Amino acid sequence: MDVAKALTIAGSDSGGGAGIQADLKTFQELDVFGTSALTAVTAQNTLGVQGVYPLSVDAVKEQIQSVGTDIAPGALKTGMLFSSEIIRTVSDMIQEFQWEKLVVDPVMIAKGGSALLQKEAIKCLKKNLIPLAYCITPNLPEAEEIVGFSITNREQQELAAQSIYKMGAKHVVIKGGHGDGEQATDLLYDGEDFHFFTASRIQTKHTHGTGCTYSAAITAELAKGRPIYDAVSTAKSFIQDAIENQLGIGAGHGPTNHWAYQKRKANQQISF
Ligand SMILES: Nc1ncnc2c1ncn2[C@@H]1O[C@H](COP(=O)(O)OP(=O)(O)O)[C@@H](O)[C@H]1O
Ligand SMILES: Cc1ncc(COP(=O)(O)OP(=O)(O)O)c(N)n1
């Protein structure tokens, strides 16, 4: 059986809502075989992050080597990378394997405020990883950090996308989850045109792991050979459904639902 394969290079979320766990569940739900390279272990639940334990550079390198030399992924994504040294290792390995369909989710801070990327590593991310990105998916605060100006309206969102594109990313998706208003609108810039992906903003606190899930869905679709516009469109539908059908797990910000998207879609319960 010819199955699409994807790799996630990210941190572990013991609570199962974000990180590697969200990525692998999303790959599976979208019929893609998932592989992983762990960068850090977090002790985490719906209430926040209780501990962060980065892995050694050698451990990260060897995992990527093991996957890369045996199971060629059609696409890959990065999530929590934590430090400059891990970023440099990951970017070296991506170049060594000449992987092109790279989705960079520039994870910086978890919902409760814990740092998942050291502040001094942002420069390294811009220099070493953004130029390799086929697609980058910052949320609004991450985009502001990368471009160095605040984004409070559509025009600034477009300027930020153009600025990140100039840093070398081939496609820039600036997510609108942290905005306000009735719609959650994401912008895709491909160097020529702006495309907008809009869905109703759902009033809920259960949005833990939305960014990981969304970038994993884009990666899964790219791994199947889908064009970027279709990949983002499917990811938007997937995340909307996952937020709508959240499972009410935990006492804090509960995770989205990576389960049974296909089933609900087949039963036409998905309207978006
Ligand atoms: N309350 C919400 N209702 C609908 N869509 C949302 C909501 N919150 C986030 N999203 C969507 O989830 C995806 C991830 O965005 P975001 O939450 O901004 O990422 P992150 O988890 O990195 O902060 C985007 O498509 C965004 O528009
Ligand atoms: C291990 C790990 N990786 C990434 C995140 C951030 O996930 P995200 O999808 O941005 O969701 P929130 O943290 O905003 O809920 C994480 N928390 N843990």
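Two strands pair if DSSP finds at least two bridges between them, and strands here are DSSP runs of E with at least two residues, as helices are runs of H or I with at least four residues, numbered from the N terminus. This is a predicted model, in which local features need pLDDT of at least 70 and side-chain atom pairs count only at pLDDT 80 or more, while totals for chains, interfaces and linings use all residues. Residues are numbered from 1 along each chain as its sequence is written, with chains lettered from A and ligands numbered from 1 in the order in which they are written.

Over 9 bridges, strand 1 (residues 5-13) pairs in the parallel sense with strand 2 (residues 33-45). From strand 1 the chain passes through helix 1 (residues 19-29) to strand 2 in a right-handed β-α-β crossover (with the strands pointing away from the viewer, the path from the first strand over the helix to the second runs clockwise). Strand 2 also pairs with strand 3 (residues 48-54), in the antiparallel sense and over 6 bridges; a hairpin of 2 residues joins them. Val49 in strand 3 is the bridge partner of Gln44.

## Helix 5

In helix 5 (residues 140-147), Glu142, Ala143, Ile146 and Val147 are buried (20 or more other C-beta atoms, placed from the backbone, lie within 10 Å of the residue's own). Seen down the helix axis, these buried residues fall within an arc of 120°, so they line one face of helix 5; the arc is that of the directions from the axis to the C-beta atoms. Gly148, with a positive phi near 85°, follows helix 5.

Technical notes:
A residue is buried if 20 or more other C-beta atoms lie within 10 Å of its own, exposed if 12 or fewer, and partly exposed in between; C-beta atoms are placed from the backbone.
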